[in-house]
Amino acid sequence: AAKADGDKLRRYSADLDDEAGEEARLGAAVRIALDTGQFRLVYQPIVSLPDGRIVSVEALIRWDHPDRGFVSPAEFIPVAEQNGLIVELGAWILRTACAQAVVWRNTLGDAAPERVSVNVSARQLAEPGFTELVSSVLAWTGLGAQNLILEVTETAVFGGGQAVQAVKDLHELGVRIALDDFGTGHSSLGLLQTVPVDVLKVDKSFVDNITLAGREAVIATALIQVSHGLGLMAVAEGVETAEQAAELHRLGYRLAQGYHFGRPVAEPDFLGEPTAVAVV
Ligand code: C2E
Ligand code: CA
Ligand code: CA
Ligand code: CA
């Protein structure tokens with residue numbers, strides 16, 4: 001039995017080595033990807049449920065690796081957080097998304113989405129100088145603070161400290177703060193007392209079964225009441241069907257996002273035909 005256990009242990013640590021090795025390789029690949037321009041951003045519409053108007057877009061990163069092919073951000077963002085490259089990558093994301101928003105504003109005028117929403121990772125938010133980075137990107141691109149939404153997760157601000165101070169400073173600047181994946185963290189409601197939040201992004205897990213009148217529907221209803229009671233905006237995430245959209249609207253949701261309205265793409269529909277852009 002002792003020998004079998006020893007074998008098991010060896011196999012286990014070999015697996016760990018493989019995992020650590022793969023993580024290191026992926027981390028190194030992120031470095032190269034940053035240097036050689038392999039990343040790009042796509043944008044997913046956030047629509048007004050009453051009239052279908054696109055009010056904002058969320059920027060989401062995409063990586064087409066020459067050999068690995070498509071690598072999901074759910075896979076490489078945590079690795080970039082671990083090795084610290086998220087700070088540089090995150091700055092690139094912020095600059096690119098803000099510059100794009102200004103291009104839309106300049107070419108489309110009122111047809112451009114009012115705001116662009118950018119995901120910020122926990123590590124980025126806790127990094128000293130993050131607020132200064134945001135100010136300088138706004139100044140550099142000419143985007144108004146009120147036209148930028150930063151999406152932070154509950155876990156990123158859960159610990160308080162520098163991250164919460166950054167959120168307060170950014171809010172003071174006029175940047176809107178969205179709590180991403182709302183309802184899935186440990187302290188969702190408690191955070192609303194200490195962190196200045198403008199938008200709750202109600203997680204897809206509450207939207208998935210919304211039409212079944214089960215627990216998820218009860219929670220989604222409670223969350224829209226909290227959000228309206230506190231004067232916040234709520235965005236329902238991951239809306240995939242017309243039935244879900246109708247039910248959310250019935251419950252009082254005004255904003256939604258999901259494949260039903262549009263997938264994340266490089267050039268969302270509001271850009272229209274090239275000729276329509278040229279007329280402006
Ligand atoms: P997230 O911020 O919660 O983003 C929403 C995710 O749900 C995106 O996946 C989006 O493509 C996907 N999604 C949107 N609508 C639907 C739908 O109707 N059905 C389904 N099944 N999925 C939908 P994506 O782009 O793969 O990103 C995954 C996560 O990676 C994001 O979750 C976010 O946590 C992270 N991420 C993506 N881009 C960035 C970025 O630029 N910076 C940072 N820090 N994190 C990012
Ligand atoms: Ca997000
Ligand atoms: Ca989310
Ligand atoms: Ca998520």
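1. Strands β1 and β2 run antiparallel and are joined by 9 bridges. This is a predicted model, and the points below should be read with that in mind. Within this pairing, Val47 stands opposite Ile54 of β2. The hairpin formed by β1 and β2 has 5 residues between the strands, and Gly52 there takes a positive phi near 75°.

2. Strand β1 (residues 39-48) also pairs with strand β9 (residues 255-257); the two are antiparallel, with 3 bridges between them. Ser48 has Leu255 of β9 as its bridge partner. Of the 10 residues of β1, 9 are buried, so the strand is largely enclosed by the rest of the structure. As background, side chains in a regular strand alternate between the two faces of the sheet.

3. Which residues coordinate the calcium ion (ligand 2)? The donors are Glu58 (OE), Asn119 (OD1), Glu151 (OE) and Asp180 (OD), at 2.2 to 2.4 Å. Their spacing in sequence is E-x60-N-x31-E-x28-D. Glu58 lies in strand β2 (residues 54-65) and Asp180 in strand β6 (residues 176-182), so this pair ties together parts that are 122 residues apart in sequence. Are Glu58 and Asp180 buried or exposed? Both Glu58 and Asp180 are buried.

4. The calcium ion (ligand 2) has the calcium ion (ligand 3) at a distance of 4.0 Å, and Asp180 coordinates both ions. The calcium ion (ligand 3) is also bridged to the calcium ion (ligand 4), this time by Asp181, and these two ions lie 3.8 Å apart. Asp181, like Asp180, belongs to strand β6.

5. Ligand 1 is surrounded by 21 residues, of which Gln44, Arg62, Asp180, Glu240 and Tyr259 are the closest. An oxygen atom of ligand 1 is 3.1 Å from an N or O atom in the side chain of Asp180, and a polar side-chain atom of Asp181 lies 3.2 Å from an oxygen atom of ligand 1. Glu240 places a polar side-chain atom 2.6 Å from a nitrogen atom of ligand 1. Taken alone, ligand 1 exposes 800 Å², and the protein buries 79% of that.

6. In helix α2 (residues 73-83), the buried residues are Phe76, Val79 and Ala80. Seen down the axis of α2, they fall within an arc of 100°, so they line one face of the helix. The face turned away from this buried side carries Ala74 and Gln82, which are exposed.

7. What lies at the two ends of α2? At its start, a side-chain oxygen of Ser72 reaches to within 3.0 Å of the backbone nitrogen of Ala74. Ala74 is also one of the exposed residues on the face of α2 turned away from its buried side. After the helix comes Gly84, whose phi is positive, near 90°.

Technical notes: Residues are numbered from 1 along each chain as its sequence is written. Chains are lettered from A and ligands numbered from 1 in the order in which they are written. This is a predicted model: local features need pLDDT of at least 70, side-chain atom pairs count only at pLDDT 80 or more; totals for chains, interfaces and linings use all residues. Side-chain values use heavy atoms; hydrogens and water are left out. Donors are N, O and S atoms within 2.8 Å of the metal (3.2 Å for Na, K and Ca); water is not among the atoms, so sites may look incomplete. Helices (H or I, at least four residues) and strands (E, at least two) are DSSP runs, numbered from the N terminus. Buried means under 20% relative accessible area, exposed over 50%, partly exposed in between (1.4 Å probe, protein chains only). The arc is that of the directions from the helix axis to the C-beta atoms. A polar contact is a pair of N or O atoms within 3.5 Å; within protein, one must be able to donate a hydrogen and the other to accept it, and residues adjacent in sequence count only if both atoms are side-chain atoms. A residue is near a molecule or strand if one of its heavy atoms lies within 4 Å of it. Accessible areas come from the Shrake-Rupley method with a 1.4 Å probe; for residues, only the protein chains shown count as cover. Two strands pair if DSSP finds at least two bridges between them.
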